[in-house]
Amino acid sequence: MGVRGKARPEFRLTTTWDAGSSNAQRGDMALGSLTGDDDGAAPDVPAGRLARLLRPFVGVAVPAFAAIAALIVGAVMLLSFGANPLVAYGELVTGAFGSADNLADTAVRAMPLALVGVGICIAFRTDVINIGGEGQIILGAIAATVTSMAFDDVPRVLLVPMVIVAGAIGGGFWGAIPGALKAYAGVNEILSTIMMNIVAAHLLSFLLQDLLIEPGAIKIQQTRRLSENADLPLLPGGTRLHIGVLIAILVAVLGYLLLFRSALGMRLRSVGHNPDASQYAGMAVKKSITQALAFSGACCGIAGAVLVFGSESHRLIGEGGAAAFTQNAGFNGIVAALFGALHPIFTVPASFLFGGMLTGGSDMQRATQVPAALVVSLNGVVVVFVVGSLRLRDRLRTWAGGIASYGGRA
Amino acid sequence: VSDFFTVSVLVATLASGIRLATPFLLASLGETIGQRSGVLNLGVEGVMLIGAYAAYITALRTGSVAAGVLAAMAAGAAMGVVYAFITVVMHATQGISGIGIFLFGLGFTDLLFRQQVGTPVPIDGLRGVDLGWLSELPVVGELLFGHSVLTYAAFALVPVVWFAMNRTTFGLNVRAVGETPEAADTLGVRVNVVRTQAIIIGNVMAGLAGGTLALDVGIFQQNLTSGQGFIAVALVYFGAWRSSGVMAGALLFGVVSSTVLQLKTLGIIVGASSTIAAMAPAILTIVVLVLVSRRIGAPSALTVPFERDS
């Protein structure tokens, strides 16, 4: 994939090509194998009829397997608590998708996951592991909140886009820092983004105890009710569903266009696949890494803005800790993105699914007395099974007449 | 401020710094062993939570702190087996599977706690050992001779880990499979077996670190570790994969934390500004990572799964 001028069509082929084991030999975080791309252009390896029939489904095999495995693990836990798994899962599904209101709640819960998930796709495709979603959400929320406070009286049609953009800038800034540290100082981004999360959590707590706290006698860590002009408008239908869902879908489409239909995205993915070759081909590797984390952070920052202005209280609330505000979306968004095979568009339905698990969890708790925390632990199981079953998929793909796992590289 | 600079306050701060350093030290030493073998375990946070809960519930049910310690280690070992399977056998991407372990630990311990305990019940936690006249010595007695068994064990492990890594066959094997697994394999070292052992040892220590934390504060709550496991991973980089460096990092973090607490207690920093001070360890970590990242290399095969070419 060396020569720059003629590389493009060839590049698409090679960069979206699954590259399991050769990635692994490169010694960095090697995320290429996580993507579910099945570029179809597999050389014809003789394979049985069954294998050929199954070939298109290999890409779906990983999330399907992970989901089934997680459900089984969950069922074992439920049984051990003396609950009937079928009843529990039934309640979970009804609670998540059973009525218009439930669907709306699920969608509201899914928005931050999808937004973070798109950001995760951008970072992971560049082979940058962004664990800093939590902090980037918080910074986005702070930036959006401050913006709305400064421009209280700007009409809604302007203020809503302003707070969203402010969120993107805040989160993007918080992502760019570890990005630049990785690119220019060689700091492991996993560790720096985690530290940035801790700093952001304390910053939120500080601001809500001090500069941004609601004036008055009651010292609760929250802002005043923010400008009504910044409220995210509700969608018709009489549910809690607001335009955040459209913002999430828009960001997912933009994320897709950025990653797969732009020169910048090609550069990012190329750097993600092979930084050395990209460098050799004249690409700005360091800049790409910084950009990837900045874009990733921007998506998370938008999630922060949506969490504030789409909330029913219309305040930024830090009471109960930062995780109570972010709803752990910075981590759960990773789950959604992985489940969506690191594709921005597929991340949206994946988020809806996980949003549903989170909303349905409380219904399950009510019906079976099994705490909703079960869902969080199952999310962890899903992650483990998704990344753990990639090797299995590679085997399956080879068997089904796909490419040998390192085929596209060399 | 002058309140802080009195002998008794300084000694108390340092002593509590040593106490707070214990979980960091245990977890980081364990992570060091795992990383030297070429496996990054980002799930330390989750394993610590599981160890903490195991220690808490066991101590609560049996009334025995020692049983709690053993339970924490057993829970860590179980997680080690799981993690070894995920990374060594299934070749899962290590950074991300660690996040999975973290989420699992976070949710699972919360789940068990709500299911089995509900409202927080305090337990009789760790006590400092009584070393007779040593503990009564001025300054030194309070500083060094009033800690719990686990604190002494953690610090005793520093030379033990150093010795094991540098003067034993096992340590040589661990380092070999972490640097050049192919060469080690050629020499007959069973790479994946050594890595599995290193991972299990590391996870036992992470579980123990969590147990120490729970027994120290005598309570369990959701997300008890609040990021300490992640800091422990960072400390391995901080300490440049050496047990002495890791110890220095753990002590630094312990003392910074205890100083912030002490300043808050004394009213020197009040209200919201204590949260600014609480950022210090995280910012310090980033600064240190910037300083060390270029100079000291990680084990060459860190995060690279091993498979024999067929």
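Where is the place of B:Ala59 in chain B? Here are my notes, point by point.

1. First, some ground rules. This is a predicted model, where local features need pLDDT of at least 70, side-chain atom pairs count only at pLDDT 80 or more, and totals for chains, interfaces and linings use all residues. Residues are numbered from 1 along each chain as its sequence is written, chains are lettered from A and ligands numbered from 1 in the order in which they are written, and side-chain values use heavy atoms, with hydrogens and water left out.

2. Back to B:Ala59: look in helix α2 (residues 44–62) of chain B. Helices here are DSSP runs of H or I with at least four residues, numbered from the N terminus. B:Ala59 has a relative accessible area of 6%, so it is buried (buried means under 20% relative accessible area, exposed over 50%, partly exposed in between, with a 1.4 Å probe and protein chains only). Leaving aside neighbours within four places in sequence, B:Ala59 is in contact with B:Ser64, B:Gly68, B:Ile123 and B:Leu215; contact means heavy atoms within 4.5 Å. B:Leu14, by comparison, is 45 residues away in sequence and 28 Å away in space, C-alpha to C-alpha.

3. Now chain A. Helix α11 (residues 263–273) has nine of its 11 residues buried, so the rest of the structure largely encloses it. Among the buried ones are A:Met266, A:Arg267, A:Leu268 and A:Arg269.

4. Next, a helix pair. Helix α6 (residues 100–125) and helix α13 (residues 285–309) of chain A pack at an angle of about 175°, with axes 7 Å apart. That makes α6(A) and α13(A) roughly antiparallel (under 35 degrees counts as roughly parallel, over 145 as roughly antiparallel, 65 to 115 as roughly perpendicular, the rest as oblique). The residues making the contact include A:Met111 and A:Leu115 of α6(A) and A:Phe295 and A:Cys299 of α13(A).

5. Finally, the rings. There are 15 aromatic pairs over all chains; rings of Phe, Tyr and Trp (its six-membered ring) pair if their centres lie within 6.5 Å, and planes under 30 degrees apart count as stacked, over 60 as edge-to-face and the rest as tilted. One of them joins A:Phe339 and A:Phe354: centres 5.2 Å apart, planes at 90°, so edge-to-face. A:Phe339 sits in helix α15 (residues 329–339) and A:Phe354 in helix α16 (residues 344–368) of chain A, so the pair ties together parts 15 residues apart in sequence. A:Phe339 is buried at 14% relative accessible area, and A:Phe354 is buried at 2%. Over in chain B, B:Tyr53, B:Tyr56, B:Phe113 and B:Phe220 form one aromatic cluster.

How values were computed: Helix = DSSP H or I, 4+ residues; strand = E, 2+ residues; numbered from the N terminus. Axes fitted to C-alpha atoms, helices over the stretch in contact; angles between N-to-C directions.
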